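Thanks for taking a look at this one with me.

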Amino acid sequence: MDLKKAEKKDEKRLKKIYLEAFPKKERKPFWLMRLKAKKGVMELLAIQEGRQTVGLAFTVLCEDMVLLDYFAIDRACRGQHLGSKALWLIQRRYQKQRFFLEIEQIDEDAPNNAERIRRKHFYLTNGMQETGIKASVFQVPMEILTDGKPLTYEEYDRVYQEAIGPVFARQVRRLP
């Protein structure tokens, strides 16, 4: 398995995986992420198994922090432990920085609660740790997981303010 910066030729496949994997209300415009990548604020990464692109990782870079903004394995390739291998490669890529991500909070009333539980288990099993930080991101209650390096809500918020921009930052607020 390889992890590489996406090239123009990868973008169509990455966009397809992105649109299938994430609900519309949780997606940022793909063109904006490409633009942020060109400016060095984001990295669009292609996850490849052999010559096939099997997944994506979009990261946001700010100071010594890296937010794994989007991470997905193609639906047709799931269940083959590719996600664990890919996450390990991503964590290795950013091992000198503080690496963190957002996941939907566990909610017994949510129709996808079983999926939320599986997702949290996946990340905890693969080395991520709870921070106790909770935020509403585009009106979706999230919790923040980290690679174990310390992170405050203020630092997390700064990633949105400085790297992603004030328009999106206004859609993020701290939860108790």
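**Notes on the model**

1. Val60 stands opposite Leu67 in strand β4. In β3, Val60 is also the bridge partner of Met42. Strands here are DSSP runs of E with at least two residues, helices are runs of H or I with at least four residues, and both are numbered from the N terminus.

2. Before going further, a word on the basis: this is a predicted model, in which local features need pLDDT of at least 70 and side-chain atom pairs count only at pLDDT 80 or more, while totals for chains, interfaces and linings use all residues. Residues are numbered from 1 along each chain as its sequence is written, and side-chain values use heavy atoms, with hydrogens and water left out.

3. Two strands count as paired if DSSP finds at least two bridges between them.

4. Now for the turns. The hairpin of β2 and β3 has 2 residues between the strands, and Gly50 there takes a positive phi near 65°. The hairpin of β3 and β4 has 2 residues between its strands, with Glu63 in the turn at a positive phi of about 55°.

5. Strand β3 is mostly covered, with 9 of its 11 residues buried. Buried means under 20% relative accessible area, exposed over 50%, and partly exposed in between (1.4 Å probe, protein chains only).

6. Helix α3 (residues 82-93) is worth a look too. Its buried residues are Leu82, Gly83, Ala86, Leu87, Leu89, Ile90 and Gln91. What covers them includes β1 (2-5), β2, β3, β4, β5 (98-104) and α4 (113-125), where contact means heavy atoms within 4.5 Å.

7. The side chain of Asp147 makes polar contacts with the side chains of Thr146 (3.2 Å) and Lys149 (2.9 Å). A polar contact is a pair of N or O atoms within 3.5 Å; within protein, one must be able to donate a hydrogen and the other to accept it, and residues adjacent in sequence count only if both atoms are side-chain atoms.

8. Ala169 lies in helix α6 (residues 166-169) and counts as buried because its relative accessibility is 4%. Not counting residues up to four places away in sequence, Ala169 touches Tyr160 and Gln161.
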